[in-house]
Structure formats: C-alpha cells, structure tokens
Amino acid sequence: MALPNKAISLASVSSVLPSSVDKLKNSSPRARMNFGVSRNSSVKAVQSSAVESDTGKWVRQRRPQNVNGDFFVDHTCIDCDTCRWMAPQVFTRVGEMSAVYKQPISSEDQLKALQALLSCPTSSIRTEVPPPDILEAQKTLPIPVDEKKLPGVYHCGYHSEKSYGAASYLIIRPEGNILIDSPRFTEKLARNIEMLGGVRYLFLTHKDDVADHGKWSKWFSCDRILHSEDVEVCTADIEMKLEGNGPWSLGDDIMLIHTPGHTEGSVCLLYKPLKMIFTGDHLVMTESGLSIMEMYNKSSVPEQVDSVKKLLDLDFNWIIPGHGRRIEFKDVPEKKAILEAFVQEKYNQYSSATNKCYLIAAMGIQVLWSFGLACLDFHALRSKTNLQNPVLVSLFVVGDWVTAILSLAAASSSAGVTVLYSRDLDYCKSPLVPCTNFKASILFAFISWSLLAISSHVTFWLLASV
Ligand SMILES: [Zn+2]
C-alpha cells in the first residue's frame with residue numbers, strides 16, 4: 001500500500017523516532033521471550049487459548065482495547081506497526097500497541113487481516129476461532145505491492161523477529177529474481193516464491209535484516225550479497241561481499257549504492273525500470289514521517305545524513321524501506337525537494353545546540369559588562385574622578401564574579417557537549433556539523449574567563465584596600 005501523494009509534504013518530513021521500532025528493539029524481556037513462540041502452524045498461531053511463558057506464570061491475553069469480535073491483538077504486541085500498514089482498515093494504535101478497531105467485514109479486509117496475522121513477527125494477532133480461510137491467505141503471500149504501477153514487485157510478508165520485524169521484498173526480473181532482505185523462513189512461502197521463478201540473488205541491505213538467510217540460500221541455491229563492512233560470524237559464508245564505496249551494478253537495471261551511517265555496510269538497491277529504491281534501515285517512513293532512526297544508529301548519524309544526500313540526484317520516486325510505510329512521490333523533483341528539506345532539517349538540528357545559545361548569552365553579558373567598565377574608566381580618567389570608594393568597588397567585585405562564573409559555566413558546558421559530539425557520537429566526522437567552530441568558540445570562552453578571573457581577584461583585593 002502506498003501512501004497517497006498528498007500525505008507526503010514538506011510538513012510531513014519529521015525526525016520523530018518511530019515508536020514502533022523503538023518498542024520493538026527495546027522490547028521488554030517478556031516481549032522478547034515471545035519471539036520464540038512457534039510459528040510452525042499458522043492455524044495453531046491464531047487460536048486464542050492461553051500460551052504459557054517459560055515461567056509458567058504468564059499467559060497471552062486479549063487486549064481490552066480491541067473491539068469485540070473474532071480478530072484481536074494480544075498483549076504480546078511489540079508495536080512494530082506491520083499490521084497497521086498492511087491492514088489499516090482493521091488495525092490501529094491504541095495505548096502504544098496495536099489493536100483491532102474494526103472487525104473485517106468484506107472479504108478484502110478479511111484477507112488483509114489474515115495476511116497481517118501471518119506477517120506479525122510475534123504472532124500477536126489472533127482469532128477467537130481458527131479461521132477456515134487461513135490456508136487460502138497463505139497462498140496469497142508474497143503480495144504484489146502495486147500490480148499496475150510496480151508489476152513484478154512483491155512484499156513477502158512473514159516478518160521475522162530476527163530482523164526486528166523488517167519487511168522483505170521480491171523483484172521478478174528476466175535476469176534472475178532478487179529477494180531483498182530475509183523474511184522468516186517457511187516452506188509455504190518458499191514454494192510460493194518458487195512458482196514465481198525462485199530466487200537468483202538474496203540482497204541483504206545491512207547486517208540487521210539477515211534473519212534466515214542461510215535457509216533461503218540453501219533452498220534456492222542463490223547468491224547472497226552483503227557489504228563486507230557488515231559481515232559478521234553468522235554471515236561469514238556470504239557468496240558476494242561488496243568492497244569499497246561502489247556503486248555496483250547487478251545487470252543494467254539494478255544499482256547498489258553504499259549508504260553508510262546506520263551501519264558501516266548499509267547499501268540501498270535502486271531498481272531503475274520502476275524508479276524505486278529499497279533502503280533497508282537507512283531511510284524509513286514511520287507513522288510520524290520520514291526518519292533515519294537515529295536512536296538505532298550503529299555507526300554515525302552525520303554519516304547517515306550525508307548518505308541521504310547521495311540519494312538526491314538518483315532517478316527514483318518510490319522509497320521501499322525495511323521498516324514502515326512505502327513512499328510514492330509525485331515525481332523525481334518532488335522526491336529531491338523533500339529529501340533536501342529533510343537533510344537541511346537534520347543539519348539545523350545538529351548545528352543549533354542549546355548550549356551554544358547559552359555560551360553566546362554568557363559571553364554577551366560579559367562583553368556588555370566589560371564595555372560598561374571601560375566607559376566608566378575612560379570617564380574617570382577624563383574627569384579625574386577617583387573611583388576608589390567602597391560602594392563602586394563592591395559593585396565591580398560582584399559584577400566581575402558573576403560574569404566570571406557565568407562564563408566558566410557556559411564554556412564548560414559547551415566543552416562537554418562538544419566532547420560528546422566528537423568522541424561519543426562521532427558527529428564531527430561530518431562537514432554538516434561545524435565542530436571546529438564550536439571548539440574555537442570554547443577556546444576563546446576559556447581565555448575570556450581566565451582574564452576575567454584575574455580581574456575578579458584584583459577587584460576583590462582592591463575592596464580590602466578601600
Ligand atoms: Zn538496522
């Protein structure tokens with residue numbers, strides 16, 4: 001399901017983190033435990049009888065937020081958003097989890113609800129009685145994304161908890177089909193994909209979404225593709241490891257673009273004939289807007305923003321992310337305008353730290369104070385006035401000490417934030433963040449403070465002498 005064009009506007013470009021992925025990746029031990037619930041039988045998965053946890057104390061329960069009826073979401077939901085974009089007529093978000101807000105009535109809604117049930121990574125969607133049409137629903141996976149606009153592109157369903165619930169897609173092409181990221185392995189899905197011509201390549205966008213890659217590779221004897229920077233022990237036997245910065249081609253119609261940031265080896269796949277790009281976790285569309293999921297960044301946020309800039313001039317108007325909703329832009333220029341605005345927003349976000357404003361305010365007060373003192377000194381020299389009276393000197397002491405303390409506090413806090421940016425968050429790797437300017441301002445702030453500290457001590461000593 002593509003979002004309508006009108007849903008995508010400059011105003012919708014937001015950096016809000018997806019609560020869904022947030023919940024999923026930080027799910028409680030209890031929720032994590034439910035990733036292990038068997039999915040060998042889909043019919044078994046939809047039965048509403050209680051399922052005991054390993055401790056024997058905990059059971060699956062129908063959430064009270066569901067409307068009455070057959071379909072419901074149980075309390076093991078991890079708020080991954082999958083059912084809400086697969087079957088928006090049935091599922092919505094209530095109380096930080098999904099719930100059924102309208103029972104499916106039409107056969108179309110019933111099918112979408114069952115497809116969502118099969119795709120839920122935690123088997124949290126259930127029915128009061130086993131649905132007789134579940135086997136029919138299994139036959140419909142993978143699902144065509146948009147038969148008219150995107151012929152030959154399928155959403156595989158069967159999201160895997162091993163990939164944090166990420167979506168997987170299949171491209172049918174004469175040169176060999178490509179499976180993009182690994183769905184949960186089920187023989188039923190494998191046989192359905194076989195009927196579509198099997199899989200020639202299993203392209204893995206990055207190390208998080210590899211799930212059952214070994215089983216798919218064995219079943220289809222396909223070549224797996226992953227960037228070498230993202231190869232780990234579990235993916236050491238990958239057939240094709242991408243080296244360097246690319247881009248790489250897979251025939252005339254496929255371009256692979258290295259987009260480091262979320263992970264060092266994140267790669268996007270551009271399918272030129274249909275002007276669509278598969279972005280994995282590099283760039284996603286949440287319910288709140290476009291996002292780079294900073295909270296789950298495993299390499300460098302500024303590098304990820306720089307990598308989004310790499311996409312500006314590419315020829316596509318569809319974004320198919322690993323998490324969340326697909327985006328269809330009206331045309332390529334609209335895509336470019338929205339991504340440019342998104343990058344600019346990120347730039348502003350990283351360069352306008354609050355502590356910088358505090359530093360400017362503290363230094364501004366110091367400048368005004370010093371300028372006032374200079375004027376007073378100048379006036380005293382010209383009129384030969386003696387300023388050594390207890391009231392005036394007391395005022396100088398208080399003023400000097402207050403501005404000195406403010407300057408020290410502002411310089412120290414700015415230094416702390418800059419260390420955080422440069423050492424811990426690696427923001428300074430990017431030209432987007434003016435770290436050199438930050439460091440120079442802080443150096444001058446400390447120099448100003450040291451001079452003011454000397455002045456404060458001198459006036460304090462003068463106070464004793466008047
Ligand atoms: Zn990821």
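Start by selecting strand S5 (143–146) and strand S6 (residues 150–155). These two run antiparallel and are joined by three bridges; strands here are DSSP runs of type E with at least two residues, numbered from the N terminus, and two strands pair if DSSP finds at least two bridges between them. S5 and S6 make a hairpin, with three residues separating them. Highlight Asp146 and you will find Leu150 of S6 standing opposite.

Before going further, a word on what is on your screen. This is a predicted model, in which local features need pLDDT of at least 70, side-chain atom pairs count only at pLDDT 80 or more, and totals for chains, interfaces and linings use all residues. Residues are numbered from 1 along each chain as its sequence is written.

Pick Val153, whose bridge partner in S7 is Ile171.

Now show the whole sheet. Which order do its strands follow? Seven strands form an open sheet, S5-S6-S7-S8-S9-S10-S11, with mixed pairing. At the edges are S5 and strand S11 (240–242), each pairing on one side only. Look along the sheet for the twist, which averages 30° from one strand to the next; axes are lines fitted to C-alpha atoms, for helices over the stretch in contact, and angles run from 0 to 180 degrees between N-to-C directions.

Select helix H8 (residues 213–220) next; a helix is a DSSP run of type H or I with at least four residues. H8 lies across S8, strand S9 (201–203) and strand S10 (223–227), and runs at about 165° to S9. Two residues are in contact if their C-beta atoms, placed from the backbone, lie within 7 Å.

Then jump to helix H13 (residues 435–465). Its 31 residues should span 45 Å at 1.5 Å a residue, and the end C-alpha atoms are 45 Å apart, which agrees; the expected span is 1.5 Å times one less than the number of residues. Which residues of H13 are buried? Colour Phe438, Ile442, Ala445, Ser448, Trp449, Leu452 and Ser456 to see them. Buried means that 20 or more other C-beta atoms, placed from the backbone, lie within 10 Å of the residue's own.

Finally, zoom out. The protein chain holds 13 helices and 19 strands, and 41% of its 466 residues are buried.

Definitions and conventions: Buried ≥ 20, exposed ≤ 12 C-beta atoms within 10 Å, placed from the backbone.
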